[in-house]
Amino acid sequence: MLNKVVRACALVAALSMLAGPGVAKDAPPLHQGPWPIYNGFDHQPTRDQLRALHQHDVTPDQAHEIDRLYDQLLSSSDRAQRTR
């Protein structure tokens with residue numbers, strides 16, 4: 001009985017190893033271009049690097065909206081601390 005269980009587990013393990021690479025082999029890559037993580041460090045572009053590439057991380061309208069939301073968050077946080 002134990003011999004059958006061991007054989008069944010070995011068969012399932014072998015089949016799962018064979019099926020795994022075949023499924024992902026034809027899948028498209030999840031990320032286009034270089035990854036921002038190298039050697040375990042997160043390398044996000046700095047403002048100067050984006051400026052040198054003539055790229056913006058957000059549009060001016062988006063920057064104003066971010067600032068407005070951040071100010072709103074800070075003001076609600078200040079009110080919450082005062083009520084404690």
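Is Asp48 buried or exposed? Asp48 is exposed, at a relative accessible area of 53%; exposed stands for over 50%, buried for under 20% and partly exposed for values in between (1.4 Å probe, protein chains only).

The model is predicted, so local features need pLDDT of at least 70 and side-chain atom pairs count only at pLDDT 80 or more, while totals for chains, interfaces and linings use all residues. Residues are numbered from 1 along each chain as its sequence is written, and side-chain values use heavy atoms, with hydrogens and water left out.

**View 1. The whole chain, with three helices and two strands.** From the N terminus, the order of elements is α-β-β-α-α. Helices (H or I, at least four residues) and strands (E, at least two) are DSSP runs, numbered from the N terminus. The chain has 84 residues, of which 1% count as buried.

**View 2. Asp48 and Arg51 in helix 2.** Helix 2 covers residues 47-52 and includes Asp48. Three residues, about one turn of the helix, separate Asp48 from Arg51. Their side chains are joined by a polar contact of 3.3 Å. Such a contact is a pair of N or O atoms within 3.5 Å; within protein, one atom must be able to donate a hydrogen and the other to accept it, and residues adjacent in sequence count only if both atoms are side-chain atoms. Asp48 and Arg51 also form a salt bridge, with 3.3 Å between the closest N and O atoms. A salt bridge requires a side-chain nitrogen of Lys or Arg within 4 Å of a carboxyl oxygen of Asp or Glu. Arg51 is exposed, with 52% relative accessibility, and Asp48 is exposed at 53%.

**View 3. Arg68 and Glu65 in helix 3.** The side chains of Arg68 and Glu65 meet in a salt bridge with an N to O distance of 2.7 Å. Helix 3 spans residues 60-82, and the two residues are about one helical turn from each other because they lie three residues apart in this helix. Arg68 is partly exposed, its relative accessible area being 43%. Glu65 is partly exposed too, with a value of 37%.

**View 4. Salt bridges of the model.** The count of salt bridges is two. One joins Asp48 to Arg51, and another joins Arg68 to Glu65. Side chains of opposite charge can pair when their charged atoms come close.
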